[in-house]
Amino acid sequence: MEPKPRLLAILDIVTTALFVVAVGMVFFYAPTEAVMGQVQRVFYFHVSAGWVGMLSFLTAAVAGIIYLRTGRRHWDIIGLSAVEIGIAFIFVNIVTGSIWARPIWNTWWTWDPRLTTATIMELIYAAYLMLRQGIEEPERRARFGAVYAILGFVSVPLTFMSARLFRTIHPVVIGTNQPGAEGSFDMTPKMLQTFMFSLLTFTFIFIDLLWHRVRLGRLADRVEEIKLKVTV
Amino acid sequence: MMLLQQAPPDTTGYMIAGYVVIFGVMMLYLVSIAVRRRNLERDMEVLKELDKKDS
């Protein structure tokens with residue numbers, strides 16, 4: 001059994017501490033927004049989850065490029081791990097957005113460009129997992145996965161830019177809101193600090209989870225190797 | 001002037017729902033990693049035993 005690296009144990013503690021502080025800031029430090037009320041507090045982790053999702057898919061695309069160049073199995077494990085984390089966090093992003101939208105837009109869902117592109121992005125990466133499931137041969141699976149992760153990444157900038165390029169009601173944090181944006185607000189310094197701290201915390205969560213997931217992938221590989229050795 | 005200002009709407013329920021989803025999914029993912037790891041470690045033990053018996 002591979003012992004947990006010391007650096008990972010430290011990262012676990014730091015990440016947990018950051019998360020506790022971030023939660024504290026969201027609930028006790030950031031002021032209540034005057035128009036939206038308490039539901040605005042969802043914004044801090046909603047955006048941070050979206051950030052982690054996009055960072056994950058970027059990691060998967062980069063891992064895909066490196067895998068295609070080197071052929072090292074390690075990069076395939078990183079790509080798969082990143083996609084899995086990305087799917088979980090984009091799911092959080094979409095569902096929390098929907099919950100926020102109910103009192104603010106008066107609907108759970110609307111086929112707005114941002115919501116639509118985010119959903120398509122999520123489905124593209126869900127299909128990545130299905131594609132991998134359907135390929136038996138590990139090298140072929142890794143190669144297809146790498147190409148898919150690179151091509152699928154097109155959906156990430158498209159989702160990010162959708163609220164800036166198309167007519168949308170979804171507010172943006174960085175840049176100018178579209179005239180029809182509903183639910184935008186001016187961040188006070190305390191809100192901005194909470195937001196930036198949440199982004200930092202979720203970046204740590206991403207690194208920590210990725211490391212754990214990659215270790216899991218490596219362990220699965222070793223089990224497969226021994227299984228082959230035993231059965232042959 | 002203060003009397004003219006409206007209190008923010010009560011959207012606490014939605015906030016709680018949002019954070020239930022956030023904490024819930026994160027917790028589920030952590031548990032899924034831990035369970036998968038435990039199962040693989042068990043498999044590893046069994047396979048090592050079989051390998052020892054074979055050799």
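Author: Helices are DSSP runs of H or I with at least four residues, numbered from the N terminus. In this predicted model, chain A reads α-α-α-α-α-α-α along the sequence, with 7 helices and 0 strands.

Reader: What box do the C-alpha atoms of chain A fill, and what percentage of its residues count as buried?

Author: Taken along the principal axes, the box is roughly 65 × 40 × 25 Å. Of the 232 residues of chain A, 41% count as buried. Among contacts in chain A with a separation of 6 or more, 75% join residues 24 or more positions apart.

Reader: Which residues touch the most other members of the largest nonpolar core?

Author: That core has 59 residues, and A:Val83, A:Trp100 and A:Ala149 touch the most other members. Two or more residues each come from helices 1, 2, 3, 4, 5 and 7 of chain A and from helix 1 (12–54) of chain B. Helix 3 of chain A supplies the largest share, 17 residues. Leaving aside residues up to four places away in sequence, A:Val83 touches A:Ser56, A:Ala60, A:Tyr125, A:Tyr128, A:Leu129 and A:Ala149.

Reader: How is the packing of two helices described?

Author: One gives the angle between the axes of the two packed helices and the distance between those axes. For helix 3 and helix 7 of chain A, the axes come within 9 Å and cross at roughly 130°. Helix 3 of chain A is therefore oblique to helix 7 of chain A. Their crossing is right-handed. Residues making the contact include A:Ile77, A:Ser81 and A:Ile85 of helix 3 and A:Phe206, A:Leu210 and A:Gly217 of helix 7. By class, this contact has 9 nonpolar, 2 polar and 5 charged residues.

Reader: How many residues of chain B are in contact with chain A?

Author: The size of an interface is often given as the accessible area lost when the parts come together. Here the description is by residues: 25 of chain B are in contact with 33 of chain A. The chain B side divides into 14 nonpolar, 3 polar and 8 charged residues.

Reader: Where is A:Asn106 found, and is A:Asn106 buried or exposed?

Author: Most residues other than glycine have a negative phi. A:Asn106 has a positive value, near 65°, and is found in the loop between helix 3 and helix 4 of chain A. A:Asn106 is exposed because 9 other C-beta atoms lie within 10 Å, and a residue counts as exposed at 12 or fewer.

Technical notes
Residues numbered from 1 in each chain as written. Chains lettered and ligands numbered in written order. Predicted model: local features only at pLDDT ≥ 70, side-chain atom pairs only at ≥ 80, totals over all residues. Contact = placed C-beta atoms within 7 Å. Nonpolar A, V, L, I, M, F, W, Y, C, P; charged D, E, K, R; others polar. Core = buried A, V, L, I, M, F, W, Y, C linked by C-beta atoms within 7 Å. Buried ≥ 20, exposed ≤ 12 C-beta atoms within 10 Å, placed from the backbone. Axes fitted to C-alpha atoms, helices over the stretch in contact; angles between N-to-C directions. Parallel < 35°, antiparallel > 145°, perpendicular 65-115°, else oblique. Left-handed = near helix turned anticlockwise from the far one by under 90°.
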